Amino acid sequence: MCGAPDQAAALPPGTDLSKETVLAGRVVAGGEPVGGAFVRLLDGTGEFTAEVVASASGDFRFFAAPGTWTLRALSRAGNGQSVVTAGGPGLHTTELAVA
Amino acid sequence: MSRQDVLVTADWAEKNLGTEGVVFVEVDEDTTAYDGGHIPGAVKINWTDELQDPVRRDIVNKEQFEQLLSAKGIGNDDLVILYGGNNNWFAAYAYWEFKLYGHAGVKLLDGGRKKWELDGRTLTTDEVSRPATSYTAIDPDLSIRAFRDEVLDAIGAKNLVDVRSPDEFSGKISAPAHLPQEQAQRKGHIPTAINVPWSKAANEDGTFKSDDELSELYGEAGLDGSRSTIAYCRIGERSSHTWLVLRELLGHSDVKNYDGSWTEYGSLVGVPIEVGTGAGR
């Protein structure tokens, strides 16, 4: 379905990290988690790919593909972005600071 | 149609929260967002099981739509303001369905839940109950809904606008990147379709781009303004967003939403499919 799945930190059962490229992380402001931020996944050309809402604990994740991605967060606490390079399948985590 | 006939701003909405005859409706696929906090006075509609038939693959019929709106306490004369998450995808789908069944006063909150939240405007968990009405719908206006045979006939004859992401269009993936991959039997797109992802019509905060920006976007993508247009995506909600842009904001005269979209087309036996970046560009 087209809604964002639960953005809890745990991966869904059956996620095969030898095949899936998962970008996951936490939105933070001054080291504290920011819940409910809108996290946008932009591809290597800056083009919008997907958007999720971070959980109450600031966690988010995307099922993507190997490559270079920009993660951009919009929140009441401010906005921020971070570039992530996923060299291959697996879990790639990042801390996304907003200010 | 002009922008003021189709959209309301968050400022307008905030000033009209208690206005008699104005009903706010949150539309989501997953209504836990509503339950965690909604615009004061707003009722919720669940896209999955209230706007679609629970058994057959179809939108609700006229009688089901009448029952739904009656139960939600929405009258024929009410001005309905729709909003939701996911950049208003499901609210735009609801807008299309409200138009299909002839509701006169319906508008979309520009920016939806996202802008409302980013602005720090009030959300409440208060329960909302509205007295039931006796709603009357018209027979569906099929001038805004396309079916599969019409889509096949449109190949090379009408504008086909595929609003999915480039990777879905080219056949690399079958669903948006943040979702489990599922659905149609084949990947790719309808031959001659142009690919204009829905997201290009929206700003970062979920509001629609200006009319000038939108005209330029579809013009550059090769949309022929003298032809009729059919928009599609995977399950018909992102294409409602683009349908709303083309017909309601830009005023194109014959624009239909193909709600069967790729999950139907990509499962049909014997139809032509194109993969790669397409000939539409």
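Modeller: A salt bridge is a side-chain nitrogen of Lys or Arg within 4 Å of a carboxyl oxygen of Asp or Glu. In this predicted model, the side chains of Asp211(B) and Arg3(B) meet in one, at 2.8 Å from N to O.

Colleague: How many salt bridges are there between domain 1 and domain 2 of chain B?

Modeller: The count is two salt bridges. Between these domains there are also nine residue pairs in polar contact. On the side of domain 1 of chain B that touches domain 2 of chain B, helix 6 of chain B gives the largest share, nine residues.

Colleague: Where does each domain of chain B run, and what area is buried between them?

Modeller: The assignment gives domain 1 as 3-140 and domain 2 as 143-265. The size of an interface is often given as the accessible area lost when the parts come together. Here, about 2,300 Å² is buried between domain 1 and domain 2 of chain B, with 63% from carbon and sulfur atoms. Arg3(B), Trp89(B) and Trp96(B) supply 33% of what domain 1 of chain B buries against domain 2 of chain B, more than any other three residues.

Colleague: In what order do the four strands of the open sheet in chain B lie, and is the pairing parallel or antiparallel?

Modeller: Strands of a sheet pair through backbone hydrogen bonds, either parallel or antiparallel. In chain B the order is 7-6-8-9, and the pairing is parallel. Strand 7 and strand 9 of chain B are the edge strands, each pairing on one side only. Helix 11 of chain B packs on the sheet and touches strands 6, 8 and 9 of chain B.

Notes
Residues are numbered from 1 along each chain as its sequence is written. Chains are lettered from A and ligands numbered from 1 in the order in which they are written. This is a predicted model: local features need pLDDT of at least 70, side-chain atom pairs count only at pLDDT 80 or more; totals for chains, interfaces and linings use all residues. Side-chain values use heavy atoms; hydrogens and water are left out. Two strands pair if DSSP finds at least two bridges between them. Helices (H or I, at least four residues) and strands (E, at least two) are DSSP runs, numbered from the N terminus. Contact means heavy atoms within 4.5 Å. Axes are lines fitted to C-alpha atoms, for helices over the stretch in contact, and angles run from 0 to 180 degrees between N-to-C directions. Domain bounds come from an automatic or database domain assignment. Buried area is the accessible area (1.4 Å probe) that two parts lose on being put together, summed over both. A polar contact is a pair of N or O atoms within 3.5 Å; within protein, one must be able to donate a hydrogen and the other to accept it, and residues adjacent in sequence count only if both atoms are side-chain atoms.
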